[in-house]
Amino acid sequence: MTRNLPIRVRSAFDDAGFAGTVEALVSQTQQLYLADGVPWVVGYSGGKDSTAVLQLVWLALAGLPADQRTKPVHVISTDTLVENPVVASWVTHSLDVLGEAAQKQGLPITPHRLTPAVADTFWVNLIGRGYPAPRPKFRWCTERLKIKPSNTFIREMVRSHGEAILVLGTRKAESSGRSARMTALESRRVRDLLSPNEALPNCLVYSPVENWSNDDVWTFLMQSQNPWGYSNKELLTMYQGASADGECPLVVDSSTPSCGDSRFGCWTCTLVDKDKSMSAMIQNDEEKEWMLPLLELRNQLDVADDKHLRDFRRMNGSVQLFKDRPIHGPYTQESREHWLRELLTAQAWIRENGPDYVRSLELVTLEELEEIRRMWVVDKHEFEDRLPEIYEAAIGSKYPGRPLDEHLPLGPDTVEVLRDITGGDRLHFELVRELLDIEQRHRSQARRAGLFESLEKALRRGFYDDEADATDRAHHRKAALDRSQDDDPDPLDPNPLDLADGYVRPVQEVAP
Ligand code: SF4
């Protein structure tokens, strides 16, 4: 009879034992630190892998004589502003604590909390621009929320020092893909232990725990005390109920998979089937029930077929076909207003019903609200300026933003009259509103340059009867375009697309 013995995952501590391995790693980190004057940037997400790495770097620096600890070590942490709020406050607090502890212990470690630029945040893109919730084929978030903030910081380091060394908690055991990428980069190492980074020139990567297993990381965190006085036991508690290897590392390139199902991903993430992590947190801990409105909003965003929420035209107003159907564009005004209302209502509910520590929770900042308002009024010509009203209805207090600089063509009441006159015809209403706005903006200019182009663009975007008419015309345009590529067109012929749109009618041959 054959018996299957359980397979034990190899541990990084197998050869030299726990203490010997950690000691060797600390000493290796010290040698690398002293080898040159290149500044270090440690990627810290607050998760187990990056905590382990920061702990090793800390032990290495603390073990050096004070006069050798001259090189700066920057600890960077990206906050997407849509992090799970419990985790976000855990990480922010950890950064504060470690900054103070480093100062007290005389270590050249400086923490930095990096956030996306206002124009790049999740809500400004989704509610302001109308980008649909992220999907595998339209993953617009990672670049804007994670990669850009960290890469901007690292590039700035490289610009001012010529080079930077990135210390990361990436491990080969995370996945076979990760292992293959790390091994491939290892073969291009120019210096011992330092791998190049494809996305960041002049930046080398040191991954001290690259060969550790998941269990090795936890063993290290449980057996050695956190040197900046944070609690690794609490960190372990935070992982309970989350996916086994759930981690969201510092993201510096787009090869990183979504980490929305880990404790350290965005609560809004629609790239995962379900936010298992947040559901588990709520299920396992009655104290966390206040997060339910977040889970509900995330689930609302995760609609498999969201065409009814989106415009049938692309962001630039064009109608593009895929398999004879229009490719839908941004969320409509109605949907964007809906998402804002839902978000602010969730915030108000949590502040009122949640525990004391979330009484001033901010799901969307005033800066973001101001940018969303500007985009609606200026970029999208929605000059009825609905944001303050939505804010006041949801939050129950006056909108704290500044008065608009814009001189608006009509007041909100008159816009409502316009809406009535157009009898529920959304396209007609939006077209007239846009034309009025364009006229108003050009009225104050001495030269009216660009007026006709803007009017024409608005007309081209909004002259359809409805989606079916737009689809029909898109078919005609496509056919006209195909025909014009076949023929040898006379430059004096009318534009075939204008013909297809009905702007120009072909002249019939008439008998002399
Ligand atoms: S966790 Fe999800 S929403 Fe957040 S950046 Fe990653 S893929 Fe985008």
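Predicted model: local features only at pLDDT ≥ 70, side-chain atom pairs only at ≥ 80, totals over all residues.
User: How many helices and strands does the protein chain have?
Analyst: Happy to start with the overview. The protein chain has 512 residues, and buried ones make up 49% of them. Its secondary structure comes to 18 helices and eight strands.

User: Which elements do the buried residues of α1 pack against?
Analyst: Helix α1 covers residues 17-34 and spans 26 Å from its first C-alpha to its last, close to the 26 Å expected. Its buried residues include Thr21, Val22, Leu25 and Val26. The buried residues of α1 pack against β1 (40-43), α2 (48-62), β2 (73-78), β6 (203-206) and α7 (214-223).

User: Which helix gives the most residues to the lining of the largest pocket?
Analyst: The largest pocket holds about 810 Å³ of space. It is lined by 32 residues, and those closest to its centre are Pro85, Val86, Ala88, Ser89 and Trp90. At least two lining residues come from each of α3 (85-105), α8 (232-239) and α9 (276-284). With six residues, the one that gives the most is α3.

User: How many residues in the lining of the largest pocket are nonpolar?
Analyst: Let's sort that lining by class. Seven of its residues are polar and nine are charged. The nonpolar residues number 16.

User: Which residues are closest to the centre of the second largest pocket?
Analyst: About 700 Å³ of space lies in this pocket. Its lining divides into 11 nonpolar, two polar and eight charged residues. Of the 21 residues that line it, the closest to its centre are Pro132, Phe138, Arg310, Ile327 and His328.

User: Is Leu431 buried or exposed?
Analyst: Leu431 is found in helix α15, which covers residues 426-443. A residue counts as buried when its relative accessible area is under 20%. Because Leu431 has a relative accessibility of 13%, it counts as buried.

Note on methods:
Residues numbered from 1 in each chain as written. Heavy atoms only, no water. 1 Å grid on protein atoms, 1.4 Å probe; cavity = no way out; pocket = protein on both sides within 12 Å on 5 of 7 lines; lining within 4 Å. Points joined across faces, edges and corners; volume = space filled by probe spheres on them. Helix = DSSP H or I, 4+ residues; strand = E, 2+ residues; numbered from the N terminus. Nonpolar A, V, L, I, M, F, W, Y, C, P; charged D, E, K, R; others polar. Buried < 20%, exposed > 50% of the residue type's maximum accessible area, 1.4 Å probe, protein only. Expected span 1.5 Å × (residues − 1). Contact = heavy atoms within 4.5 Å.
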